[in-house]
Amino acid sequence: MDSQIYGALLNLIIFFLTAFNVNALQQRTQISSNSVLVALLDSHYTELSELVEKALLLQTLEQTVTNHNITIFAPNNEALERQMDPEFKRFLLEPRNLKSLQNLLLYHIIPGRVGSKEWPMENVAHHNTLCVDQSDNRLPLSKGKFGEKVVGGLAKVVRPDDVIRPDGLIHGIERLLVPQSVQEDFNRRRNLGSISAVLPEGAPVADPRTHRLKKPASPVPAGSPPVLPIYDAMAPGPSLAPAPAPGPGGARRHFDGESQVKDFIHTLLHYGGYNELADILVNLTALATEMGKLVSEGYVLTVLAPNDEAMAKLTTDQLSDPGAPEQIMYYHIIPEYQTEESMYNSVRRFGKVQYDTLRLPHKVVAEEADGSVKFGQGEESAYLFDPDIYTDGRISVQGIDGVLFPMATETKVVPATAPKVVSKQRRGKLMEMGCTIAGALGHSC
């Protein structure tokens with residue numbers, strides 16, 4: 001009986017060991033050290049290798065090389081690091097554009113072996129790429145005027161048969177190939193045709209020297225003395241805050257606030273370095289519409305605009321909560337009309353100044369630091385980086401170098417209850433006297 005149990009147990013152990021070895025052998029046959037994928041990761045195409053890892057394509061390519069050979073057209077590092085448009089590269093590396101990055105990289109890979117000997121001599125040969133879910137997944141291979149190999153009709157092969165492995169090979173090309181679908185995604189993201197750069201009719205004009213609203217001068221007869229006193233004509237410096245726009249219910253309710261919001265968004269795009277914020281304002285149409293309604297009602301706004309470098313530091317956790325982008329933007333909008341000079345004068349005079357924000361009831365704190373205005377406290381602070389990007393008397397845009405967040409409410413520290421001290425019981429005086437007498441007589445108490 002014992003021998004049967006031991007025999008069954010031995011067979012079970014052999015079965016598990018055999019299954020483990022088979023699985024390990026299958027894993028080893030999927031990708032070997034002599035694979036073209038390993039050669040790509042260890043080659044001098046480091047920029048392309050990093051993009052493949054960021055696009056989460058290694059597992060997909062491992063499954064592909066187990067079925068058939070592949071041909072990779074690899075752009076050199078200079079083409080991906082220096083020649084690529086920084087804005088396009090930023091678009092590809094955004095988490096929401098992961099599908100575009102994957103399609104771009106798969107467009108450079110053919111599920112077949114096409115070496116220099118298999119290259120078409122005269123006619124153009126079209127090959128399907130791994131980007132099978134796109135309409136333009138056929139990659140043309142041809143010869144140039146001087147006999148050079150050309151991929152996609154644009155990129156020349158500068159290093160033919162650069163890496164040769166049993167399961168594939170790599171050709172070095174001079175530039176990146178962009179499929180039409182990825183280019184359309186990028187252009188659709190930048191489609192701001194509905195934004196007008198024309199100043200709305202009836203909008204006030206601010207004097208760039210004083211940031212005060214310009215008033216049309218009334219006509220005066222020739223030879224009459226000047227209407228304004230001499231000190232007004234000399235354009236004195238601004239006060240702590242410039243003259244505000246008319247309040248709600250005023251005579252300027254005909255303002256087109258939505259057009260003014262579109263105007264300052266377009267100004268952000270032309271200014272450069274604030275594309276991420278402009279995208280948020282364009283995509284969050286509810287926020288832009290709300291700002292337009294406030295301006296139409298006569299309110300004035302100051303937008304603290306984080307630049308692209310600051311927006312790129314936002315983590316997924318900070319943007320994952322529902323409504324998080326809106327709440328972040330609300331905290332950067334002050335319901336006052338402030339310029340760089342007015343805010344700097346305020347912090348110089350009062351030290352720290354608290355401004356209300358549209359994210360009620362949170363306030364943003366401003367103070368003087370290094371000859372500029374610093375917003376926030378601690379590590380999540382930002383400096384006034386690009387002053388007066390846009391000022392039209394109703395909307396003021398001030399560029400900052402960080403994203404601001406409200407300070408966390410301090411939790412009240414509840415003092416721990418003091419331990420109860422039990423006092424040692426004391427004997428009465430009569431008892432002490434009795435013990436003293438007993439001790440004198442040689443008795444213990």
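Helices (H or I, at least four residues) and strands (E, at least two) are DSSP runs, numbered from the N terminus. The model is a predicted one, in which local features need pLDDT of at least 70 and side-chain atom pairs count only at pLDDT 80 or more, while totals for chains, interfaces and linings use all residues. Residues are numbered from 1 along each chain as its sequence is written, and side-chain values use heavy atoms, with hydrogens and water left out.

An open sheet of 7 strands is present, with mixed pairing and the order β9-β8-β14-β13-β12-β11-β10, where two strands are taken to pair if DSSP finds at least two bridges between them. Strands of a sheet pair through backbone hydrogen bonds, either parallel or antiparallel.

Within this sheet, strand β8 (residues 301–306) pairs with strand β14 (residues 395–400) in the parallel sense over 6 bridges. In this pairing Leu304 has Gln398 of β14 as its bridge partner, and Ala305 stands opposite Gly399 of β14. Strand β9 (residues 333–334) runs antiparallel to β8 and is joined to it by 2 bridges, with Ile333 of β9 as the bridge partner of Val303. Of the 6 residues of β8, 6 are buried, so the strand is largely enclosed by the rest of the structure; buried here means under 20% relative accessible area, exposed over 50%, and partly exposed in between (1.4 Å probe, protein chains only). Burial extends to both faces of β8, with Leu301, Val303 and Ala305 on one side and Thr302, Leu304 and Pro306 on the other.

Helices are also placed against the sheet. Helix α10 (residues 257–271) lies across β8, β13 and β14 and runs at about 120° to β13, contact being defined by heavy atoms within 4.5 Å; axes are lines fitted to C-alpha atoms, for helices over the stretch in contact, and angles run from 0 to 180 degrees between N-to-C directions. Helix α16 (residues 340–350) packs on the sheet as well, where it touches β10, β11, β12 (372–375), β13 and β14, and its direction makes about 130° with that of β10.

The axes of α10 and helix α11 (residues 275–283) come within 8 Å and cross at roughly 155°. That angle makes α10 roughly antiparallel to α11, given that angles under 35 degrees count as roughly parallel, over 145 as roughly antiparallel, 65 to 115 as roughly perpendicular and the rest as oblique. The crossing of α10 with α11 is left-handed, a term used if the near helix is turned anticlockwise from the far one by less than a right angle, with right-handed used if clockwise. Phe264, Ile265, Leu268 and Leu269 of α10 make this contact with Asn275, Leu277, Ala278, Leu281 and Val282 of α11. By class, the residues of the contact between α10 and α11 comprise 8 nonpolar, 1 polar and no charged; Ala, Val, Leu, Ile, Met, Phe, Trp, Tyr, Cys and Pro count as nonpolar, Asp, Glu, Lys and Arg as charged, and the others, Gly among them, as polar.

A further helix pair is formed by helix α3 (residues 46–54) and helix α7 (residues 98–106), whose axes come within 10 Å and cross at roughly 135°. The arrangement of α3 relative to α7 is accordingly oblique, and their crossing is left-handed. Leu48, Leu51, Val52 and Lys54 of α3 meet Leu98, Leu101 and Leu105 of α7 in the contact, which has 6 nonpolar, no polar and 1 charged residues. In α7, 7 of the 9 residues are buried, so the helix is largely enclosed by the rest of the structure; the buried residues are Ser100, Leu101, Gln102, Asn103, Leu104, Leu105 and Leu106.

Several backbone features were also identified. Asp388, in strand β13 (residues 382–391), has a phi near 50°, a positive value in a residue other than glycine, and at 23% relative accessibility Asp388 counts as partly exposed. Asp161, located in strand β6 (residues 155–165), likewise has a positive phi, of about 50°, although it is not a glycine, and Asp161 is partly exposed with a relative accessible area of 27%. A cis peptide bond, with omega about 0°, joins Leu360 and Pro361, and Pro361 lies in the loop between β10 (352–356) and β11 (363–369).
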